[in-house]
Amino acid sequence: MADFKNSFKAGVESALVADNNKKEIQDLIEEVNSQITESYEGKVHFGVWNLTRTSKNRKNIFSSITDPLSIDITSYKALCISDYNNKSPIELAEWKVDENGYPCMVKHDDRESYCFNKEELISEISSLLSSVKTGNAILEKLKFFSERGSKES
């Protein structure tokens, strides 16, 4: 009879490593949010959002004209800037986390990066946060906050 005990142990050890990796990734996202919230007095947040995108089903180009159900809706996760209520996200990058935690995929500006450890992820998120796109998203949320505040006065 075959002995599978070592296989079970390996699976459990792999699951524990994956859980630790995912916690490390989540903690990093939370740290970014904490720092951006502090920097902008709670008016701006950073996090992972579940988003959807629509696209035309390309099976039959004529069917999309006559059949509105031929539109495909795809769900995906994205790193986003949101407002003080943690609503109205602005997508910065598409985001995927492997079942093992790493690698993480960050896709923005037609560039797809894979981060295989915490240091690579920190570098990639730093690059994303220093982009014009992120700066514009932050400014948009701050503008919305100030406009909202002036309307309530």
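Accessible areas here come from the Shrake-Rupley method with a 1.4 Å probe, and for residues, only the protein chains shown count as cover. This is a predicted model, in which local features need pLDDT of at least 70 and side-chain atom pairs count only at pLDDT 80 or more, while totals for chains, interfaces and linings use all residues. Residues are numbered from 1 along each chain as its sequence is written, and side-chain values use heavy atoms, with hydrogens and water left out.

**View 1. The whole protein chain, from surface to elements.** The protein chain exposes about 10,400 Å², with carbon and sulfur atoms supplying 52% of that area. Of its 153 residues, 30% are buried (under 20% relative accessible area, with exposed over 50% and partly exposed in between; 1.4 Å probe, protein chains only). Helices (H or I, at least four residues) and strands (E, at least two) are DSSP runs, numbered from the N terminus.

**View 2. The largest nonpolar core.** This core has 22 residues, and Phe46, Leu79, Ile81, Trp95, Cys104 and Leu121 have the most contacts inside it. At least two core residues each come from α1 (5–39), β1 (44–56), β2 (71–83), β3 (90–98), β4 (101–108), α3 (118–129) and α4 (132–152). The largest share, five residues, belongs to α1. A nonpolar core is a set of buried Ala, Val, Leu, Ile, Met, Phe, Trp, Tyr and Cys residues joined through side-chain atoms within 4.5 Å.

**View 3. Leucine 121 and its contacts.** Leaving out residues up to four places away in sequence, leucine 121 touches Ile25, Leu28, Trp95, Tyr102, Cys104 and Cys115. A contact means heavy atoms within 4.5 Å.

View 4. β2 and β3 run antiparallel, joined by five bridges (two strands pair if DSSP finds at least two bridges between them). Lysine 77 sits opposite tryptophan 95 of β3. Six residues lie between β2 and β3 in their hairpin, and asparagine 86 in the turn has a positive phi of about 60 degrees. β3 also pairs with β4, antiparallel and over five bridges, in a hairpin with two residues between the strands. Here valine 97 faces cysteine 104 of β4.

**View 5. Cysteine 80 in strand β2.** Look for cysteine 80 in β2; this residue counts as buried because its relative accessibility is 0%. Its contacts, not counting residues up to four places away in sequence, include His45, Phe46, Trp49, Pro89 and Leu92. The C-alpha atoms of cysteine 80 and threonine 134 are 8.8 Å apart, although 54 residues separate the two along the chain.
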